[in-house]
Amino acid sequence: GGQCLLVKDGKYDQQQWQNQYNDEARNRIESKQAVYDLEDELSQVSEAKRAELIKELQQPLSTEQRKQKVQEIKKTINKIVQDTLPSAKKEAHDKVQKMENLIDPEKKPYYNKIQQAKNKKGFERLNNKLN
């Protein structure tokens, strides 16, 4: 059988247990902070992708590895957003176009807002108004 890390020379190893506990606590705190720091980015991807990325952040990682993981995730999300932005803009534009309660000059500010959006958040509120 394997040796239990928490028992040393037949005695309960308090220091080893404390170190393990501290690592687990640090990991939980840092992963929660990382998810919080990425909230804006994470809100721009699908629920499934969001869950997958959060799971990656919750792995046992060193502080340095987690910082790298946060940067990787930002890049991943940015690519997803850039790849899906044109179709999302077109969808929003089409919605405005179909609005019968506005005449064309009244639609112009909406079109401008959609055009200037750098991510979906930029016109998500607009979409809510249109629904």
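In this predicted model, Asn27 touches Gln58, Gln59, Pro60, Leu61 and Arg66, when residues up to four places away in sequence are not counted. Asn27 itself is placed in helix α1. Is this residue buried or exposed? With a relative accessibility of 11%, Asn27 counts as buried, because the term applies to residues under 20% relative accessible area.

Helix α1, which comprises residues 14-37, also holds Trp17. The relative accessibility of Trp17 is 31%, and therefore this residue counts as partly exposed; that class lies between the limit of 20% for buried residues and the limit of 50% for exposed ones. Together with Tyr12 and Tyr21, Trp17 forms a nonpolar patch on the surface. The accessible area of Tyr12, Trp17 and Tyr21 together is about 330 Å².

The view may now be widened to the whole chain. How many helices and strands does the chain contain? There are 6 helices and 2 strands. Read from the N terminus, the order of these elements is β-β-α-α-α-α-α-α.

Of the 131 residues in the chain, 29% are buried, and Asn27 is one of the residues that count as buried. The chain exposes about 9700 Å² in total, and 50% of this area is supplied by carbon and sulfur atoms. As for contacts between residues at least 6 apart in sequence, 57% of them join residues that are at least 24 apart.

How values were computed: Residues are numbered from 1 along each chain as its sequence is written. This is a predicted model: local features need pLDDT of at least 70, side-chain atom pairs count only at pLDDT 80 or more; totals for chains, interfaces and linings use all residues. Side-chain values use heavy atoms; hydrogens and water are left out. Patches are made of residues with over 30% relative accessible area and no salt bridge: like charges are joined within 9 Å, nonpolar side chains (Val, Leu, Ile, Met, Phe, Trp, Tyr) within 5 Å. Accessible areas come from the Shrake-Rupley method with a 1.4 Å probe; for residues, only the protein chains shown count as cover. A salt bridge is a side-chain nitrogen of Lys or Arg within 4 Å of a carboxyl oxygen of Asp or Glu. Helices (H or I, at least four residues) and strands (E, at least two) are DSSP runs, numbered from the N terminus. Buried means under 20% relative accessible area, exposed over 50%, partly exposed in between (1.4 Å probe, protein chains only). Contact means heavy atoms within 4.5 Å.
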